[in-house]
4 protein chains.
Amino acid sequence: MSKSPDATRRSERSRRAILDAALTLVGEVGYNKLTIEAIAARAGVGKQTIYRWWPSKAAVLLDASLSLSGEAVEEGGWTGFPDTGDLAADLKTVLRITVDQFLDERYDAPTRALTAAGATDPDLGTRFTEQLLEPQLALYEARLRTAVDAGQLPADTDLRLMVEMLVGPLTYRWLMRTAPLAHAHTDALVDVVLRGVGYVTTRPAAAGA
Amino acid sequence: MSKSPDATRRSERSRRAILDAALTLVGEVGYNKLTIEAIAARAGVGKQTIYRWWPSKAAVLLDASLSLSGEAVEEGGWTGFPDTGDLAADLKTVLRITVDQFLDERYDAPTRALTAAGATDPDLGTRFTEQLLEPQLALYEARLRTAVDAGQLPADTDLRLMVEMLVGPLTYRWLMRTAPLAHAHTDALVDVVLRGVGYVTTRPAAAGA
Amino acid sequence: MSKSPDATRRSERSRRAILDAALTLVGEVGYNKLTIEAIAARAGVGKQTIYRWWPSKAAVLLDASLSLSGEAVEEGGWTGFPDTGDLAADLKTVLRITVDQFLDERYDAPTRALTAAGATDPDLGTRFTEQLLEPQLALYEARLRTAVDAGQLPADTDLRLMVEMLVGPLTYRWLMRTAPLAHAHTDALVDVVLRGVGYVTTRPAAAGA
Amino acid sequence: MSKSPDATRRSERSRRAILDAALTLVGEVGYNKLTIEAIAARAGVGKQTIYRWWPSKAAVLLDASLSLSGEAVEEGGWTGFPDTGDLAADLKTVLRITVDQFLDERYDAPTRALTAAGATDPDLGTRFTEQLLEPQLALYEARLRTAVDAGQLPADTDLRLMVEMLVGPLTYRWLMRTAPLAHAHTDALVDVVLRGVGYVTTRPAAAGA
DNA sequence: AGTTAACCGAGACGGTACGTCATGTCTTTAC
DNA sequence: GTAAAGACATGACGTACCGTCTCGGTTAACT
């Protein structure tokens, strides 16, 4: 194997410049008109330095988005899912944050671009899902499992289905632009889903008294 | 006005050949590697004939997809949404058909391509949504309104939300490939949604007697 | 055969612009730093238009040189070799003109570049020799044959060798820069060669009287 | 002064490997496709080691050729020009050897490459001429001077011209490929030149006795 | 029936970006 | 401090498509 470059010699400076340039440019011109040459030029970097470390512009954007969510977490976002004991409130909180992110151009452009690219390119799609999406879904699922353990949700609830019922309709509306995003929308969504799976606020024990 | 070509002299032969070539090629090479030159070559048509009638390759694909759903209807698909009186059954039927379409490569490739392109290109996205998506969603909504009228759903049900809760999670799983598509999945989905919105099989009138 | 482009549709305007740009640039930056991109840019032409009609930058330069010698002829140069009856004088005249051409930067740069490229690239070399060199050598040979017919040169003279003895040393000095070029040099050259092959001014018949 | 490297610490091993690699590669791929990277890789050497000691790939090849002619001499070639007393025979001998060298691929490729490069690059050309060509021409000239001293050539013979009349036509035919090289060709060449400059076999003194 | 205006297949054109290759510089690690 | 190794910014390569633009040649429809 003499193919892969030596990662220990990699220039961190160039790496950051490339990711930053990619994020900036995708916001300026959109994904389709985003070119590797433009990224390289904006980053003050040779094209080869991009090709050496990434297989495609989509992959660059994926890494850029990963670094973006990394920053978001550091900047005071949530690492752990909120758990106030009130599942409905917690879900509404998180979905409202998600709505806000979708409405923030800074997140919208690259995320939309990646989602679209991933839908078309299976390889990228897989990595996008595994590295960006799944970790977030796992947080939802963990919070729901807590609720199950607390007896607030039936033990046989299909948590995966439930997570996607929360995230899916929001993502759908965002991607397809069928209607404007709003907090009221996700709040209502949470209510219907929770009622649908048989969520109870108080413990069955109390009800049985 | 010398801009728009004379549609009456348009060659139907070429139009069909172009749409067919576009569908074939998007299945073979994917949307990103689909080129207008290749479509023209495959269709045995001059490039100008494409540029004369469509503004972009996405627009060609959109028309191609429209013609595809037109065919689907003619081939014995459903025009009207099924209405057996059993809402749950009807929804499950339609969603199962949708699952089958997503699993059919013939539909998957162009639809996925269009969805992705529409997510990135607002103009195209709008037309995609209006011309392909909305008509389908309207059918769902009409069927749900029937159920409301029949007293099976609360009068104040947010039908739009409900439709997207049915279609959104399925589309999400399909686009993101978070899990394999299956009839059981959509069946469960329908059950949760219906329970969530307070669906009742029998009429309240009967219950109240 | 669907490979070769349709020459009847070729843009004469572009062709001329490319040849002119090539000649200008080879004079400005030299052959090694001459790039196809620069030719295209200077000519206001797409790169593909060059690649469509020529296989290499050397081939472009060859055509450019051919057009140059074409012009030279039209501009009042000699088509036919001079024939005053005095072979020595005629040869000296032509070689002096050749010296002048070698000293003219306008001819020197492209010719030198082509000669060098042809020395290294057999294909190009062959075409260079056949299309540019041989026609000139043939003129020499024709003039010498006239002299043979006039009895000024022995009937069994190796004309080919003689031509190369006239042209070779001059070309050698020009290419290798072993010494400055000068009219006196070629005059002396002609004298030695003519004496070497047994040139006589007057006819043997007169001598025998 | 931090410019020039310390030659005393230079690795002789690397130097030889680089020159050998250069000669091998120029034979394999030709001068135009010869790259410094390939030379470094083939020689098992870092690129910088080449750049440290040579200014260009042409310079490497020049050194390589110099080492080649050095070897040729050691392998039993001639250091001194032959001097049997018979000038015609001596010249024919040397030119035949030259023809043989031109026909030997091992010499042809690098020499042709250097000649071509030198024709285009004045700096290299000068060094090529001074270091490789002139020493050889000087040998010719020395032998001719001997002949002048022996009274076989007129005292006022332009020796420089004469040398180039011997070497020029051969080099011309070799470089331009106007005709195949052959011993008969150079033999005839010598004869014409010698006759042209007034070569006499026997000494005038003896004739006058 | 002849004219004419448009579409049509074809493909050359000026461009932009691609992904690759080599340049010459620089830095790191080993000797 | 030279050397092997190789990452880097630069820039040209030759290719693929873009969208525009002629070019005949075929169809209409309208004289």
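Copies were superposed by least squares on the C-alpha atoms of residues with pLDDT of at least 70 in both. The model is predicted: local features need pLDDT of at least 70, side-chain atom pairs count only at pLDDT 80 or more, and totals for chains, interfaces and linings use all residues. Residues are numbered from 1 along each chain as its sequence is written, and chains are lettered from A and ligands numbered from 1 in the order in which they are written.

Chain A superposes on chain B by a rotation of 179 degrees, with 0.1 Å of shift along the axis and an RMSD of 0.2 Å. This is the relation of a two-fold axis. A:G196 is the residue of chain A closest to the rotation axis, with its C-alpha at 1.8 Å. The same surface serves both copies, as 100% of the contact residues of chain A recur in chain B. Contact here requires C-beta atoms, placed from the backbone, to lie within 7 Å.

Chains C and D also touch. Contacts join 37 residues of chain C to 38 residues of chain D. On the chain C side, α6 (105–120), α7, α8 (159–176) and α9 (183–197) each give two or more residues. Helices are DSSP runs (H or I, at least four residues), numbered from the N terminus. α8(C) gives the most, with 12 residues. By class, this side has 18 nonpolar, 12 polar and 7 charged residues. Ala, Val, Leu, Ile, Met, Phe, Trp, Tyr, Cys and Pro count as nonpolar; Asp, Glu, Lys and Arg count as charged; the others, Gly among them, count as polar.

Helix α7 of chain C (residues 122–149) is bent by about 45 degrees at C:L133. The bend is the angle between axes fitted to the seven residues ending there and the seven starting there. A proline, C:P135, follows within four residues. Buried residues of α7(C) include C:L133, C:F128 and C:Y140 (20 or more other C-beta atoms within 10 Å of the residue's own, C-beta atoms being placed from the backbone). After the helix comes C:G151, with a positive phi near 80 degrees.

DNA strand F has 40 residues around it, of which A:D6, A:S11, A:G46, D:S11 and D:G46 come nearest. A residue counts as near if its C-beta atom, placed from the backbone, lies within 6 Å of the strand. Among the elements supplying at least two residues to this surface are α3 (47–53) of chain A and α3 (47–53) of chain D. The surface divides into 8 nonpolar, 16 polar and 16 charged residues.

Notes:
Buried ≥ 20, exposed ≤ 12 C-beta atoms within 10 Å, placed from the backbone. Contact = placed C-beta atoms within 7 Å.
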